[in-house]
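Please open the model in a viewer and keep the selection panel at hand.

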Amino acid sequence: MTHARTAPLVAACAAALLLSACGSETNGTASPAPTSDTGTTTTTTEETTETTTPSAPAAQAGGDVTAPGAELAVGDRAVVPFKYGTTKTGTIALTVTAIEQGDNADLAKFGDKAKGITPFYIRVTVENVGGTDLSYSSLSLRGLGEDGRGTGVIITGDTDRCESETAARDFTTAGAKYETCVLQAAREGSKVVAASFTDSDDYKDDPVVWKG
């Protein structure tokens, strides 16, 4: 099912790519492939922050909250507190169902600055566990490389193979679900092998991590 979308950080027909690397800062709008979307890329000297993921037990049956720092396998379910905006809070369950590698050609609308970049698609099922009103909320996950750190490439937007969905208007009852895809990327020759959840105060320093 395709739900109504919101894009609090990205314009409806835009996508953004930030490459963390040593060098001077450059901003610009890339020339897109023939499409209605445009891609914006930026190179910056900002370094990627290392994320540590100490081992911790996963959630137990019955909806108990997953401990910060839990390490799970793709396909495992985590239950976490969730806040969206300033008024919507609740508890959700996340199941990362796949981490898929795409092709550089998938990033054609990002222009020349996407050269040497490989997209990865984190597919996740989101469930409303607490039964509070989380309508129109959206989710963010972070891709991690083989060293357990961020890949140095921060990317937002959609591709034809990975469309980000938001919760529908009726995502207000326990058991309501939707599926979405989170676009992540790595430099050519590197991979995204895990996904992390940090979008809650308790998990900022100790994220839940799913390993492929």
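**Aromatic pairs**

Select Y178 to begin: Y178 is buried, its relative accessible area being 5% (buried means under 20% relative accessible area, exposed over 50%, partly exposed in between, with a 1.4 Å probe and protein chains only). This is a predicted model, in which local features need pLDDT of at least 70, side-chain atom pairs count only at pLDDT 80 or more, and totals for chains, interfaces and linings use all residues. Residues are numbered from 1 along each chain as its sequence is written, and side-chain values use heavy atoms, with hydrogens and water left out.

Move on to F197 and Y203. Their rings have centres 5.8 Å apart and planes at 65°, so this pair is edge-to-face. F197 is buried at 0% relative accessibility, and Y203 is buried at 1% relative accessible area.

**The hairpin**

Now select residues 77–84, strand β5, and residues 88–101, strand β6: the two pair in the antiparallel sense over eight bridges. Strands here are DSSP runs (E, at least two residues), numbered from the N terminus, and two strands pair if DSSP finds at least two bridges between them. Within this pairing, P81 stands opposite T91 in β6. Finally, select G85: the hairpin has three residues between its strands, and G85 takes a positive phi near 70°.

How values were computed
Helix = DSSP H or I, 4+ residues; strand = E, 2+ residues; numbered from the N terminus. Phe/Tyr/Trp six-rings, centres within 6.5 Å; stacked < 30°, edge-to-face > 60°.
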